[in-house]
Amino acid sequence: MPRTSLDGDGRVVGHFVPKGAVVVRLNADGSHTTCPKASVCASRKAYEERHLA
């Protein structure tokens with residue numbers, strides 16, 4: 001699933017459930033980065049804004 005992370009455009013390749021994060025493989029160089037799920041998923045961001053604020 002293509003996404004834009006804090007480090008650039010990439011594809012979600014994994015989930016780190018206990019931390020609420022996703023692993024994104026960056027298109028630019030193929031490296032991986034971990035970022036909060038809400039930073040790449042609009043529905044998760046909306047949920048967190050409604051229920052965790």
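**Sheet, core and side-chain pairing in the predicted model**

The strands are arranged as an open sheet of four, in the order S1-S2-S3-S4, and their pairing is antiparallel. The edges of this sheet are formed by strand S1 (2–5) and by S4, each of which pairs on one side only. From one strand to the next, the twist averages 50°. The model is a predicted one, and the values reported here are computed from it.

Strand S2 (residues 8–16) and strand S3 (residues 21–26) run antiparallel and are joined by six bridges. Within this pair, Gly 14 stands opposite Val 23 of S3, and Phe 16 has Ala 21 of S3 as its bridge partner. The hairpin of S2 and S3 has four residues between the strands, and in this hairpin Gly 20 takes a positive phi near 70°.

Arg 25 has His 32 of S4 as its bridge partner. The hairpin formed by S3 and S4 has five residues between the strands, with Gly 30 in the turn showing a positive phi of about 80°.

Thr 34 is located in strand S4. With a relative accessible area of 45%, Thr 34 is partly exposed. Leaving aside residues up to four places away in sequence, Thr 34 touches Ala 21, Val 22 and Val 23. Val 24 lies 10 residues from Thr 34 in sequence, and the C-alpha atoms of the two are 6.3 Å apart in space.

The largest nonpolar core consists of six residues, namely Val 12, Val 22, Val 24, Leu 26, Cys 35 and Val 40. S3 supplies the largest share of this core, with three residues. In soluble globular proteins, nonpolar side chains tend to be buried together. Cys 35, one of the core residues, has a relative accessible area of 5% and is therefore classed as buried, the cut-off being under 20%.

The structure contains zero disulfides. Cys 35 takes part in none, and the nearest cysteine sulfur, which belongs to Cys 41, is 11 Å away. A disulfide requires the two sulfur atoms to be within 2.5 Å, so the 11 Å separation of Cys 35 and Cys 41 excludes one between them. Cys 41 is likewise in no disulfide, with the sulfur of Cys 35 as the nearest cysteine sulfur. Cys 41 is also buried, at a relative accessible area of 17%.

One salt bridge is present in the structure. This salt bridge links Arg 44 to Glu 48, and the closest N and O atoms are 3.0 Å apart. Because the criterion is a nitrogen–oxygen separation within 4 Å, the pair of Arg 44 and Glu 48 qualifies. Both residues lie in helix H2 (residues 42–51), where Arg 44 and Glu 48 are four residues apart, or about one turn of the helix. Side chains of opposite charge can pair when their charged atoms come close. Arg 44 is partly exposed, with a relative accessible area of 31%, and Glu 48 is partly exposed at 27%.

Key. Residues are numbered from 1 along each chain as its sequence is written. Side-chain values use heavy atoms; hydrogens and water are left out. Two strands pair if DSSP finds at least two bridges between them. Helices (H or I, at least four residues) and strands (E, at least two) are DSSP runs, numbered from the N terminus. A nonpolar core is a set of buried Ala, Val, Leu, Ile, Met, Phe, Trp, Tyr and Cys residues joined through side-chain atoms within 4.5 Å. Buried means under 20% relative accessible area, exposed over 50%, partly exposed in between (1.4 Å probe, protein chains only). A salt bridge is a side-chain nitrogen of Lys or Arg within 4 Å of a carboxyl oxygen of Asp or Glu. Contact means heavy atoms within 4.5 Å. Axes are lines fitted to C-alpha atoms, for helices over the stretch in contact, and angles run from 0 to 180 degrees between N-to-C directions.
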